[in-house]
Amino acid sequence: MPEIYQAVAGEDYTVYAYVNDGGMRKVDIKPFLEGDCGVFEPLKDVETFKNTLTVIGYTVAWDLSGDRDEYKCIDIDPFYVFESPVVEDIPQVDSGE
């Protein structure tokens, strides 16, 4: 069973997820945000997407309520995360300095 241990927000609605096989996956969340995206609608706000990202129940989740209740969060099937492309490292963002 895939388990996610850490999730880091990337650019352009991506998540870098550290999984229990020792690797990291780059998960594209944009397909969940297209059109009328229902439960994923709050994540269209990039600040909400980045600031509420966490791991709950061994998968990528967004803790919108702030109380880490797995029944009040938005989460992604861990198999979807596990089947995402394997990456070696999180790309560095140019800060413009």
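Start by selecting Phe 49. In this predicted model, Phe 49 is buried, with a relative accessible area of 1%. Phe 49 sits in helix H1, which covers residues 46-51.

Look for Tyr 13 in the loop between strand E1 (4-9) and strand E2 (14-19). Buried or exposed? Tyr 13 has 17% relative accessibility, so Tyr 13 counts as buried; the cut-off for buried is under 20%.

Keep both residues on screen. How do the rings of Tyr 13 and Phe 49 meet? Their centres are 5.0 Å apart and their planes stand at 65°, so the pair is edge-to-face. Tyr 13 and Phe 49 are 36 residues apart in sequence, so the pair ties together a loop and a helix.

Tyr 13, Phe 49 and Trp 62 form one aromatic cluster.

Clear the view and select Phe 32 and Phe 40. These two form an aromatic pair as well. The distance is 4.9 Å centre to centre, with 35° between the planes, and the pair is tilted. Phe 40 is buried, with a relative accessible area of 13%. Phe 32, at 24% relative accessibility, counts as partly exposed.

How many aromatic pairs are there? The count comes to five, and the pairs on this tour include Tyr 13 with Phe 49 and Phe 32 with Phe 40.

For the last stop, select Phe 82 and Arg 25. What lies over the face of Phe 82? Arg 25 does, at 4.5 Å from the ring centre.

How values were computed
Residues are numbered from 1 along each chain as its sequence is written. This is a predicted model: local features need pLDDT of at least 70, side-chain atom pairs count only at pLDDT 80 or more; totals for chains, interfaces and linings use all residues. Side-chain values use heavy atoms; hydrogens and water are left out. Rings of Phe, Tyr and Trp (its six-membered ring) pair if their centres lie within 6.5 Å; planes under 30 degrees apart count as stacked, over 60 as edge-to-face and the rest as tilted. Helices (H or I, at least four residues) and strands (E, at least two) are DSSP runs, numbered from the N terminus. Buried means under 20% relative accessible area, exposed over 50%, partly exposed in between (1.4 Å probe, protein chains only). A charge sits over a ring if NZ of Lys or CZ of Arg is within 6 Å of the ring centre and within 35 degrees of the ring normal.
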